[in-house]
Amino acid sequence: MRIWGPDRIGVRLSPMGKMNDIHDDQPEATFGYIAERLSDYRFAYLHIVNPAIEQMQRGKEPSPPALGMVETIRKKFKGTLMVAGGFQPDTAAQWLREGKADLIASVASSSPISICRSGCALARL
Ligand SMILES: Cc1cc2nc3c(=O)[nH]c(=O)nc-3n(C[C@H](O)[C@H](O)[C@H](O)COP(=O)(O)O)c2cc1C
């Protein structure tokens with residue numbers, strides 16, 4: 001942080017992520033606290049894996065707990081919030097419009113061509 005400065009550092013978290021038996025029983029409390037503390041550092045952004053990734057990849061509506069997690073992080077983190085995973089151009093545009101996130105990241109499942117056709121703005125990182 002001393003070399004680059006906080007505005008050139010981003011942090012990525014996976015709230016509600018599960019790996020075999022590894023998961024958090026109280027993700028709202030844990031990740032809400034982490035998001036609040038990360039605000040103090042004034043990083044360039046907080047990047048989270050979409051808590052609703054599995055539902056949205058199957059074309060389903062996000063579950064209330066997953067949406068609650070996004071809302072909690074949005075409220076607690078006072079900076080740029082990026083969300084990744086399970087988005088299509090229309091759902092990405094909707095989340096941005098609704099203010100759930102400042103940026104939607106996509107690297108794998110969404111075709112860049114379909115994103116361009118839909119008129120979403122693309123940023124080169
Ligand atoms: C079911 C599922 C769980 C994932 N969990 C994580 C995770 O815990 N940590 C992580 O860094 N990426 C995880 N990823 C990868 C990214 O969140 C995401 O797939 C990637 O950024 C590409 O987004 P896109 O599929 O919308 O293009 C997961 C992906 C899937 C499909």
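Let's start with Met-69, which touches Pro-15, Met-16, Pro-27, Glu-28, Phe-31 and Pro-51, leaving out residues up to four places away in sequence. Two residues are in contact here if their C-beta atoms, placed from the backbone, lie within 7 Å. Residue numbers count from 1 along each chain as its sequence is written. Keep in mind that this is a predicted model: local features need pLDDT of at least 70, side-chain atom pairs count only at pLDDT 80 or more, and totals for chains, interfaces and linings use all residues.

Now zoom out. The protein has 5 helices and 4 strands, and from the N terminus on they run β-α-β-α-α-β-α-β-α. These elements are DSSP runs numbered from the N terminus: helices are H or I with at least four residues, and strands are E with at least two. Of the 125 residues, 22% are buried. A residue is buried if 20 or more other C-beta atoms lie within 10 Å of its own, exposed if 12 or fewer, and partly exposed in between, with C-beta atoms placed from the backbone. Among contacts with a separation of 6 or more, 62% are between residues 24 or more positions apart.

Back to Met-69, this time as part of a group. Along with Ile-73, Val-83 and Ile-104, Met-69 touches the most other members of the largest nonpolar core, which has 19 residues. Helix H1 (27–39), strand S2 (45–49), helix H3 (64–76) and helix H4 (89–97) are the elements that give two or more residues to this core, and the largest share, 4 residues, comes from H3. A nonpolar core is a set of buried Ala, Val, Leu, Ile, Met, Phe, Trp, Tyr and Cys residues joined through C-beta atoms within 7 Å.

Next, look at how H1 and H3 meet. Their axes come within 8 Å and cross at roughly 25°; axes are lines fitted to C-alpha atoms, for helices over the stretch in contact, and angles run from 0 to 180 degrees between N-to-C directions. H1 and H3 are therefore roughly parallel to each other, since angles under 35 degrees count as roughly parallel, over 145 as roughly antiparallel, 65 to 115 as roughly perpendicular and the rest as oblique. The contact is made by Pro-27, Glu-28, Phe-31, Gly-32, Ala-35, Glu-36 and Ser-39 of H1 and Gly-68, Met-69, Thr-72, Ile-73 and Lys-76 of H3.

Pick out Gly-32 from that list. Gly-32 sits in helix H1 and is buried, with 20 other C-beta atoms within 10 Å. Apart from neighbours within four places in sequence, Gly-32 is in contact with Thr-72, Ile-73 and Lys-76.

The loops have something to show too. Most residues other than glycine have a negative phi. Met-16, however, has a positive phi near 70°; this residue is in the loop between strand S1 (10–13) and H1, and is buried, with 24 other C-beta atoms within 10 Å. Arg-42 also has a positive phi, about 55°, although it is not a glycine. Arg-42 is in the loop between H1 and S2, but is exposed, with 12 other C-beta atoms within 10 Å.

Finally, find Gly-79 in the loop between H3 and strand S3 (81–84). With 18 C-beta neighbours inside 10 Å, Gly-79 counts as partly exposed. Its contacts, leaving aside neighbours within four places in sequence, are Ser-39, Arg-42, Phe-43, Tyr-45 and Leu-46. Gly-79 and Tyr-45 are 34 residues apart along the chain, yet their C-alpha atoms are separated by 6.3 Å.
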